[in-house]
Protein chains: 2
Amino acid sequence: MARHGLDDIQVANQVIGATKIGRLLDLAEYLGPTGRISCAVDSLAGAAALSAACVRRGVRLGVLVEVDSGLHRCGLASVGDVAALSRAVMGLDGLDLLGLLTHAGHAYGAKTPEDVRRIGTHEGALLAGMAETLRRGGIPIGTVSVGSTPTARHAGEVAGVTELRPGNYIFNDMTQVALGVASMDQCGLTVLATVISTPAPGRAVLDAGAKALALDKGAQGSTLLQGHGTILGKRATLARLSEEHGVIEHQGEQFVIGEKVRIVPNHACPVVNLFDYAWLVEGEKIVGRVGIAARGKMR
Amino acid sequence: MARHGLDDIQVANQVIGATKIGRLLDLAEYLGPTGRISCAVDSLAGAAALSAACVRRGVRLGVLVEVDSGLHRCGLASVGDVAALSRAVMGLDGLDLLGLLTHAGHAYGAKTPEDVRRIGTHEGALLAGMAETLRRGGIPIGTVSVGSTPTARHAGEVAGVTELRPGNYIFNDMTQVALGVASMDQCGLTVLATVISTPAPGRAVLDAGAKALALDKGAQGSTLLQGHGTILGKRATLARLSEEHGVIEHQGEQFVIGEKVRIVPNHACPVVNLFDYAWLVEGEKIVGRVGIAARGKMR
């Protein structure tokens with residue numbers, strides 16, 4: 001199989017289970033000795049399983065120890081636990097300890113841009129500080145990797161941070177706008193929908209519901225968002241979604257049956273995941289189509 | 001193209017816009033003169049566009065006038081409006097007025113099984129009553145079609161109702177259990193997930209998040225559901241979903257990294273829509289695979 005100019009692939013997640021580890025190591029073989037593939041670990045059990053598979057396959061895998069910087073999802077919280085797992089990884093065949101990784105996704109629960117900044121600065125400082133502590137203990141931490149579109153600009157200003165992993169920024173969405181991270185004209189993904197019903201005053205119905213716009217209302221307890229996306233050029237609220245319908249509430253705005261509207265969704269990522277293709281447009285002109293290759297491939 | 005034993009296809013929704021009408025009438029041609037295809041209408045504009053397209057294509061289309069029985073989505077609320085649109089449809093070429101249709105989806109906001117019964121009985125009585133009124137006015141209403149898995153058994157007991165359109169019942173889910181509509185052992189769809197992290201006491205993390213389980217917490221303002229699905233055989237709450245992670249909160253329950261768990265989702269329908277295949281199982285044995293043909297096809 002020909003390589004396509006890929007040098008490094010990082011899976012910023014725990015890879016657990018024989019099937020997934022097998023697919024990860026297929027990628028390691030595909031990259032060959034000049035590329036490097038890595039994933040996160042936060043348990044000795046996970047690291048040991050990766051090591052055993054690497055030895056069987058005769059490949060090497062980079063590993064980043066995941067740190068919990070406040071999201072309370074995956075990752076170890078105490079520097080002692082992080083150091084202990086890092087040392088354990090150093091002793092496991094087939095694995096290369098690359099560094100530390102965290103994701104301050106709790107920034108999505110922030111109420112103000114100042115909260116976002118505070119969380120981002122903490123994310124960077126916590127990880128850079130842990131890296132320094134580990135290095136003083138003789139653990140060779142290279143990569144110090146932080147993440148999330150809201151926090152990247154803040155965490156990235158912290159000395160010692162070597163890698164940013166924003167993802168949503170490629171499109172942005174109403175969540176980023178609400179957090180003060182992006183402006184409306186920096187939102188690059190919209191859902192095109194058709195008005196299919198105007199059955200009562202103040203109500204219009206779209207042919208786009210939760211299967212087109214997803215139900216995200218802001219993560220981590222956020223209360224910043226109103227409705228299920230912003231309808232461009234209209235004074236109206238996309239108040240309710242059912243599977244195939246979006247119900248608009250308005251006060252005298254004009255909606256005509258058959259009219260098409262564009263919606264900036266609350267969260268662009270799951271919207272992309274709902275479609276087989278994204279269409280590239282310049283104004284109203286379609287200039288290309290991109291397949292959503294990875295969606296629906298969970299197994 | 002060979003027909004596959006399809007006699008009647010009903011699209012219980014407004015079909016608006018040239019592309020969608022074109023696809024609907026492709027189906028009408030596919031069925032040929034012995035089958036019948038129908039859709040809902042709730043506006044003269046929508047009905048007129050269908051009529052014009054039918055005339056151009058030389059096909060006939062069945063039409064059901066949609067009534068709002070309390071969901072306040074599509075559909076006309078007053079019997080006067082329903083009668084007027086029905087008469088208008090009778091005068092449009094290419095269309096056959098079949099009857100009336102409603103969907104009491106507001107039953108999903110019910111707090112008790114008694115609420116569900118009340119809403120379902122009202123759904124049936126309202127539509128059957130409107131049908132009788134229209135018939136007395138000389139409008140030939142045949143089909144009296146009600147919907148929704150929670151209300152079907154109640155609306156279906158009302159004299160004059162001729163058609164039930166439950167959908168979710170094929171799988172059921174935690175929403176139906178919470179409403180008292182189904183028992184746990186009547187839930188036929190589960191999501192198989194792997195424990196990928198147990199980073200802190202009382203917390204375990206799955207490799208199934210919103211892209212596997214959807215974010216539904218019960219429609220129409222329901223507050224009956226706790227968490228994002230039920231983990232079979234565990235005393236634990238699936239407390240938070242991010243895109244690729246599900247965070248479990250528990251008090252001393254055992255979760256081992258690499259362990260697989262089965263989750264009955266809150267809402268089975270959008271879960272099916274997130275995958276390319278559903279796997280048929282008998283116990284732990286896979287006995288078949290079914291493609292999710294229609295997902296991702298919105299356009």
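## The second largest cavity

In this predicted model, the second largest cavity holds about 50 Å³ of space. Its lining is made up of A:Glu66, A:Val67, A:Asp68, A:Ser69, A:Leu71, A:His72, A:Arg73, A:Cys74, A:Thr102 and A:His103, and these residues divide into three nonpolar, four polar and three charged.

## The largest cavity

The count of cavities of 30 Å³ or more comes to three, and the largest of them has a volume of about 180 Å³. This largest cavity is lined by 16 residues, of which A:Ala210, A:Ala214, A:Leu274, B:Ala210 and B:Ala214 are the closest to its centre. Two or more lining residues come from each of helix H7 (210-213) and helix H8 (268-273) of chain A, and likewise from helix H7 (210-213) and helix H8 (268-273) of chain B. By residue class, the lining of the largest cavity divides into ten nonpolar, two polar and four charged residues.

## Nonpolar cores

In soluble globular proteins, nonpolar side chains tend to be buried together. The largest nonpolar core here has 46 residues, and those that touch the most other members are A:Leu206, A:Leu238, A:Ile263, B:Leu206, B:Leu238 and B:Ile263. When neighbours within four places in sequence are left aside, A:Ile263 is in contact with A:Leu189, A:Thr190, A:Val191, A:Ala193, A:Leu206, A:Leu213, A:Gly229, A:Thr230, A:Ile231 and A:Leu238.

Terms used:
Residues are numbered from 1 along each chain as its sequence is written. Chains are lettered from A and ligands numbered from 1 in the order in which they are written. This is a predicted model: local features need pLDDT of at least 70, side-chain atom pairs count only at pLDDT 80 or more; totals for chains, interfaces and linings use all residues. Side-chain values use heavy atoms; hydrogens and water are left out. On a 1 Å grid over the protein atoms alone, a cavity is a set of points where a 1.4 Å probe fits but cannot get out, and a pocket is an open set with protein on both sides within 12 Å along at least five of seven lines; lining residues have an atom within 4 Å of a point. Grid points are joined across faces, edges and corners, and a volume is the space filled by probe spheres set on the points. Helices (H or I, at least four residues) and strands (E, at least two) are DSSP runs, numbered from the N terminus. Ala, Val, Leu, Ile, Met, Phe, Trp, Tyr, Cys and Pro count as nonpolar, Asp, Glu, Lys and Arg as charged, and the others, Gly among them, as polar. A nonpolar core is a set of buried Ala, Val, Leu, Ile, Met, Phe, Trp, Tyr and Cys residues joined through side-chain atoms within 4.5 Å. Buried means under 20% relative accessible area, exposed over 50%, partly exposed in between (1.4 Å probe, protein chains only). Contact means heavy atoms within 4.5 Å.
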